[in-house]
Amino acid sequence: MIEKFIDRVEISAQGGHGGAGAVSFHREKYVEYGGPDGGDGGKGGNIIIKADRRTAALGHIAPVRIFKAENGHPGGSRNCHGANGNDLIINVPAGTVIHTPEGSILADLNEDSGEYMCVRGGRGGKGNAHFATSRNQTPKFSQKGMEGDKADLILEIKLIADIGLVGLPNAGKSTLLSRLTKARPKIADYPFTTLTPHLGVLKLDISSQVIIADIPGIIEGAHRGAGLGIEFLRHIERTFFLFFCIDIMSEDPEKIYLMLRSELEQWSSRLAAKPFAVLITKTDSAPDSVNTVRACFPPGLQDKLFFISSSSGAGLEELKKVFYHVLELKTGQ
Ligand SMILES: Nc1nc2c(ncn2[C@@H]2O[C@H](COP(=O)(O)OP(=O)(O)OP(=O)(O)O)[C@@H](O)[C@H]2O)c(=O)[nH]1
Ligand SMILES: [Mg+2]
């Protein structure tokens, strides 16, 4: 069975209850009236949500839903302090956003090992030793521990794309994303159909997947604001790999490739330096052009060229190698 990728869970978190303070009196042979010696209760445990590189999804959290940290232990006689309750640590993948059911963001655990204390445990109660006064030297009461904080939270993995689709408007980027994944971006035969980035998850096998980002089309001069500009390139800055998508019917495919690259370069040389493949799209519309288009590209790019059709599915199987290569880049980072 293919494990469902769980990227959103609702949880209830409750900090541990503080331990009760003790009521106790000092007892010793030959000492008739010992003073109060009830120790304080321990503090309840906190709940900490922690980003962990080895955690890939939120599936381990979904069945639990209610998380409660350990209670503090009660105080004892002889001023013995109760032990504090242990903190409860919930591991989540890096990139998890924690927000309230109303949607306000409490934490964005972006970096590995980032953590957020979502609820605190209650304070332990004071033992009767604290309450002795000149009037009442034998207090027979102590404080209860305080309740731990409670919070309803939503944990959501903010998907960070592994592959970015870059191309002129109409190159077929959104069509490719919808062919490979369950994402359903709008597709149309006019430019700038896609106005905001879309992400899709492509399952390669039971344990691996790549996330693909479809972004708006880029035209020459985009870095100066032409078309939709290139501000949205920040959505693919953290990808490991780029697909330059170029329509097979384009007049000069290599020129388009160089233009796209130069626009990327204007945005960030780091982005432009990412490993990439060039996807010549819509091969079904001009099957006879494959060789001509291939010849447009210099020898150094030949092994990066792929010819695909999202309509017929031709060439998509060959992309598998690329996807596994992207996974290697990701795990070897
Ligand atoms: N024949 C054919 N047409 C395709 C193929 N892929 C996409 N198209 C068509 O090309 C047009 C543009 O496709 P989109 O996927 O919207 O292109 P895009 O690159 O996302 O465009 P923008 O969002 O404007 O940047 C649509 O009419 C698609 O139906 C293909 O493999 N074969
Ligand atoms: Mg699109």
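This is a predicted model: local features need pLDDT of at least 70, side-chain atom pairs count only at pLDDT 80 or more; totals for chains, interfaces and linings use all residues.
1. **The magnesium ion.** Start with ligand 2, a magnesium ion. Two side-chain atoms coordinate this ion: OG of Ser 174 and OG1 of Thr 194. The distances run from 1.9 to 2.0 Å.

2. Ser 174 sits in helix H1, residues 173-180. Thr 194 belongs to the loop between H1 and strand S10 (198-205). The pair therefore ties together parts that are 20 residues apart in sequence.

3. **Buried or exposed?** Ser 174 has a relative accessible area of 8%, so Ser 174 is buried. Thr 194 has 7% relative accessibility and also counts as buried. The cut-off for buried is under 20%.

4. **Around ligand 1.** Ligand 1 is surrounded by 21 residues. The closest are Lys 173, Thr 175, Phe 192, Thr 194 and Asp 284. Note Thr 194 here, as this residue also coordinates the magnesium ion.

5. **Polar contacts of ligand 1.** Look at Asp 284 again. An N or O atom in its side chain is 2.7 Å from a nitrogen atom of ligand 1. Asn 170 uses its backbone: an N or O atom there lies 2.9 Å from an oxygen atom of the ligand. A polar backbone atom of Ala 188 is 3.3 Å from an oxygen atom of ligand 1. Taken alone, ligand 1 exposes 650 Å², and the protein buries 86% of that.

6. **Helix H1.** Which residues of H1 are buried? They are Lys 173, Ser 174, Leu 176, Leu 177, Ser 178 and Leu 180. That is six of the eight residues in H1, a mostly covered helix. The cover includes strand S9 (163-167), S10, S11, S12, S13 and helix H5 (319-331).

7. **The largest nonpolar core.** This core has 31 residues. Ile 218, Leu 233, Leu 264, Ile 280 and Phe 297 have the most contacts inside it. Several elements supply at least two residues each, including strand S11 (208-214), strand S12 (241-247) and helix H3 (269-272). Helix H2 (253-267) is another of these. H2 gives the most, with five residues.

8. **Phe 297 up close.** Set aside neighbours within four places in sequence. Phe 297 is then in contact with Ile 246, Pro 253, Glu 254, Tyr 257, Val 278, Ile 280, Gln 302 and Leu 305.

9. **A second core.** A separate core holds 25 residues. Among them are Leu 165, Ala 183, Ile 212 and Leu 319.

Methods:
Residues are numbered from 1 along each chain as its sequence is written. Chains are lettered from A and ligands numbered from 1 in the order in which they are written. Side-chain values use heavy atoms; hydrogens and water are left out. A nonpolar core is a set of buried Ala, Val, Leu, Ile, Met, Phe, Trp, Tyr and Cys residues joined through side-chain atoms within 4.5 Å. Buried means under 20% relative accessible area, exposed over 50%, partly exposed in between (1.4 Å probe, protein chains only). Helices (H or I, at least four residues) and strands (E, at least two) are DSSP runs, numbered from the N terminus. Contact means heavy atoms within 4.5 Å. Donors are N, O and S atoms within 2.8 Å of the metal (3.2 Å for Na, K and Ca); water is not among the atoms, so sites may look incomplete. A residue is near a molecule or strand if one of its heavy atoms lies within 4 Å of it. A polar contact is a pair of N or O atoms within 3.5 Å; within protein, one must be able to donate a hydrogen and the other to accept it, and residues adjacent in sequence count only if both atoms are side-chain atoms. Accessible areas come from the Shrake-Rupley method with a 1.4 Å probe; for residues, only the protein chains shown count as cover.
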